[in-house]
Amino acid sequence: MASPACGGERRDKTRSWPVSVLVPLEPVAFSVTVWTLVTLASIAVADEIRDTREGETVTLKCRFSEQSAASDFSYYWARSTGNKFDNVAIKNVQLNTNYRIDFRPEQGIYDLTIVNTSYGRDNGRFECRVKASGTGADVHQEYYNLTVLTPPQPPFVEPVELRATEDEKFDLTCSSIGGSPDPVITWYRVGSEKPFKATITKGGSKDLRTSSTLSIVPRREDDGAKFRCVVWNRAMAEKDKLETTVTLSVNCKYCTL
């Protein structure tokens, strides 16, 4: 066999292949800066429901992984009531005399205690936030829907005179003023425990009306039928439900003298 020829090519009797030459490139320096954000805890995705009553004390907990370098993060509690949003605490400084802060970031604790709760001030949404200083990125969040329980007022039914006409649509509306949370209003026919489907209009405030409208098309045999409206919310015991009963009068549409 012939020796490889000079000049960078290898030859045999039939074919030749060029020799691939790897040329070393100039070294390229890559500078990568990695910013490590310490995750204190997973971000909460759902509000926690908490109930309290006027004058009580309630603690909303905010817990995360221990972080000794508190200066690297900002901490605050905020409150939303109605259309109003404001901060109630920044780090260890509470901005309301009825609020107390337990600020121990080295132990992963940032709890808010509300003393002498009141509907006007505290019925709403509270949020605890921990943010990275500088970037403002959220590191930890917790949300609470705080309900200051208030019972609703007794129900009343409209129209006052329940005089319907056979085979014609007729609406009965049962209402209750106030209540926190909005009361549940349910219609039944006396003698049955199966609730009717009805249209609910929520009040949204302890000073406003919540209503349930029952639409029926009465028949002649419904004359004298009794309907029961029941009102309840979480401020009440089950045995203390409020209710009223009304009697329907149906005029005959096709009667002949």
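Student: Which residue does Leu60 stand opposite in S9?
Tutor: Leu60 faces Leu112 there. Keep in mind that this is a predicted model.

Student: OK, and how do S4 and S9 pair?
Tutor: They're antiparallel, with three bridges between S4 and strand S9, which covers residues 109–114.

Student: What sheet does that belong to, and what's the strand order?
Tutor: An open sheet of three strands, ordered S4-S9-S8, with antiparallel pairing. Strand S4 (58–60) and strand S8 (99–104) are the edge strands, each pairing on one side only. From one strand to the next, the twist averages 20°.

Student: What holds paired strands together, in general?
Tutor: Backbone hydrogen bonds do the pairing in a sheet, whether parallel or antiparallel.

Student: Switching to S5: why is it largely enclosed?
Tutor: Strand S5 spans residues 73–81, and seven of its nine residues are buried, so the rest of the structure largely encloses it.

Student: Which strands does S5 join up with?
Tutor: Strand S10 (residues 124–132) runs antiparallel to S5, joined by eight bridges. Tyr76 has Arg129 as its bridge partner in S10. Strand S6 (residues 84–90) is also antiparallel to S5, through six bridges, and Trp77 stands opposite Ala89 in S6.

Student: What's between S5 and S6?
Tutor: Two residues, and the two strands form a hairpin. In the turn, Gly82 has a positive phi of about 65°.

Conventions
Residues numbered from 1 in each chain as written. Predicted model: local features only at pLDDT ≥ 70, side-chain atom pairs only at ≥ 80, totals over all residues. Heavy atoms only, no water. Pairing = 2+ DSSP bridges. Helix = DSSP H or I, 4+ residues; strand = E, 2+ residues; numbered from the N terminus. Axes fitted to C-alpha atoms, helices over the stretch in contact; angles between N-to-C directions. Buried < 20%, exposed > 50% of the residue type's maximum accessible area, 1.4 Å probe, protein only.
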